[in-house]
Amino acid sequence: MKTHLNTLYITTQGTYLGKSGESVQVRAEGKVLAQLPLHNLEGVVCFGRVGCSPSLLGACAERGVSVSLLTQHGRFLAAVRGNTSGNVLLRRQQYRLADRPEVALDVARRIVLAKVANSRSVLLRAARDCVAGDAARLDTLRREGGRLAASAPGLREATTIDQVRGLEGEAATHYFGAFDALLSPSASAEAFRFTGRSRRPPLDRINALLSFLYTLVLHDARSACESVGLDPCVGFLHADRPGKPALALDLMEEFRAFVADRLAFSLINRRQVSADGFEVRENGAVLMNDATRKAVLAAYQQRKRETLAHPFLEEQTTVGMLVHLQALLLARWIRGDLDAYPPFLWKG
Amino acid sequence: MPYAESDLLPISALQHLLYCDRQCALIHLERLWAENRFTAEGAILHRKAHGGRPESRPSGRTTRALPVRSFALGLFGVTDVVRWDPAAGGEAVPVEYKRGRPKKGDCDRVQLCAQALCLEEMLGRPLGRGEIFYGRVRRRVAVGFTPELRRATVEAAARLHDLIGSGRTPQAVPGRKCDRCSLRDLCLPRLGPAAGSARRHFDRSLDALLAGEGPTD
Ligand code: SF4
């Protein structure tokens, strides 16, 4: 596995990526902007109108560097991967297990439990950081945190995937109910009020921010599945649907709150993004502008470099590495090396 | 029993096998590969060796990047360089380039010998010796294709076919070799059956987490 974990994000429209020796060469308007050695890269993510030379794509595929093509706003279009990833024996086993309802239930339950526990940790951490005297916020964070904990026994006893999904939905409602309390009052809180989850399109700023961050995490989860040889489209919690990266979505659940949501709120609370970095369209759809998108990408890269101890492996690792380690543990379990898949629990 | 063309395995897998069975399975069965500094540099060195044209030197003509295979061993590969030695009646001398320094085990010599056995089968004549060039120490080591080395090579090839044919990745046997293993982070050698139950670990951690007051740092 790569320990450097550099992902090259290209957001400037009209950029061209070529291969020069063993490096990626980034060019725009006839000028070479950067040159990065391929062996330091984990992935290349191109937003919008970005060109790649065939020889670069080939070299990336050969060296296990994933290249993803997204729209300018981050919707996944296509990826280039080499034939080094993908172990047919492992995938067959993955399909077999995913087809067994009792197995899928067992994994799905644990993934949602981890999601709920990690969401609760995010609320309680924010409660700790609350300034004294902000009783209303504190109260909301603690109350909803408590409700999240209360959903654990039900999840443990759920006997069908549908029950698990239902309880997950209930827990999400509590969690989102505490979202406004995650905003520090000093921030331009009004502009960032959460009006309920909306995706297509996002209808408020926080949703625009979250959607973009989820895209980034999902991209990493998808690459992680591919790089350990799993099929990102066959999941346990998420149902298969053509074109849906169900396993990557499964894997992502453990990280939504801990990585994406926390980052979104800290960007707002630290004023690294501001209300006028978003464009509100005639119909209420909210889009981020280029400067905000760049700021978010930089912050995300930074967050991925932070270190922590992996709870199960008991080794120091980075936030960026976590999703790879979890994909690896998933593969280990599918292959029969582990008796269960242990999702990531954020202990702080 | 000769192998079919579709069953041929890469000669390079032999060195992985001789290093560690699990590493070999991770790379060739599970198709995991960790491109690290060492493999990247190795790739560059190889590209140099494979890049050029045939050269004529007083020591004889050389051929680069010659594809070879053996149905008897069930192996295929590409030789770095083959020297055709005029002093020995044009006998083929395979030359392999290695980034590092000479290693303790057999693995470089077995790999070279596998190339030689492939060449023998294709040329229809015996080869006596080859050379390994070690980049780090810039030294050329002569390797005689002795009966012992040939036997070790044939055995390794058979073991390789057994491993790949089984479709199973063996459990890790952690040891000192793991410290230098490029697949260490993907292998997680400590995560064998001895590591205990992941299910119990998760359940216990979850209980502790939910009973607590959340993150503390
Ligand atoms: S880490 Fe150790 S057990 Fe695992 S593949 Fe490498 S040498 Fe083999």
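**Exercise 1. How many cavities of 30 Å³ or more does a search of the whole structure find?**

*Solution.* The model is predicted, local features need pLDDT of at least 70, side-chain atom pairs count only at pLDDT 80 or more, and totals for chains, interfaces and linings use all residues. Residues are numbered from 1 along each chain as its sequence is written, chains are lettered from A and ligands numbered from 1 in the order written, and side-chain values use heavy atoms, leaving out hydrogens and water.

Step 1. On a 1 Å grid over the protein atoms alone, a cavity is a set of points where a 1.4 Å probe fits but cannot get out; a pocket is an open set with protein on both sides within 12 Å along at least five of seven lines, and lining residues have an atom within 4 Å of a point.

Step 2. Grid points are joined across faces, edges and corners, and a volume is the space filled by probe spheres set on the points.

Step 3. The search finds four such cavities of 30 Å³ or more.

**Exercise 2. Describe the second largest cavity and its relation to the ligand.**

*Solution.* Step 1. The volume of this cavity is about 100 Å³.

Step 1. Its lining comprises 14 residues, and Cys20(B), Lys177(B), Cys178(B), Cys181(B) and Cys187(B) lie nearest the centre. H2(B) contributes the largest share, three residues. Helices are DSSP runs (H or I, at least four residues) and strands likewise (E, at least two), numbered from the N terminus.

Step 2. Sorted by class, the lining has 10 nonpolar, one polar and three charged residues. Ala, Val, Leu, Ile, Met, Phe, Trp, Tyr, Cys and Pro count as nonpolar, Asp, Glu, Lys and Arg as charged, and the others, Gly among them, as polar.

Step 3. The ligand sits in this second largest cavity, that is, more than half of its atoms lie within 2 Å of the grid points. Residues surrounding the ligand (a heavy atom within 4 Å) include Gln23(B), Ala172(B), Arg184(B) and Pro189(B). This shell has six nonpolar, one polar and two charged residues.

**Exercise 3. Characterise the second largest pocket.**

*Solution.* Step 1. The pocket has a volume of about 1,400 Å³.

Step 1. Of its 44 lining residues, Arg197(A), Arg199(A), Arg200(A), Tyr214(A) and Leu218(A) lie nearest the centre.

Step 2. H7(A) gives the most to this lining, eight residues. The lining divides into 21 nonpolar, nine polar and 14 charged residues.

**Exercise 4. State where confidence is lowest in chain B.**

Step 1. Confidence in chain B is lowest in helix H3 (residues 37-51), at a mean of 47, and highest in helix H5 (residues 147-166), at 96. Over residues 35-45 of chain B the pLDDT is below 50.

Step 2. Where pLDDT is low, the predicted coordinates should not be read in detail.

Technical notes
pLDDT is the predictor's confidence in each residue, from 0 to 100. Contact means heavy atoms within 4.5 Å.
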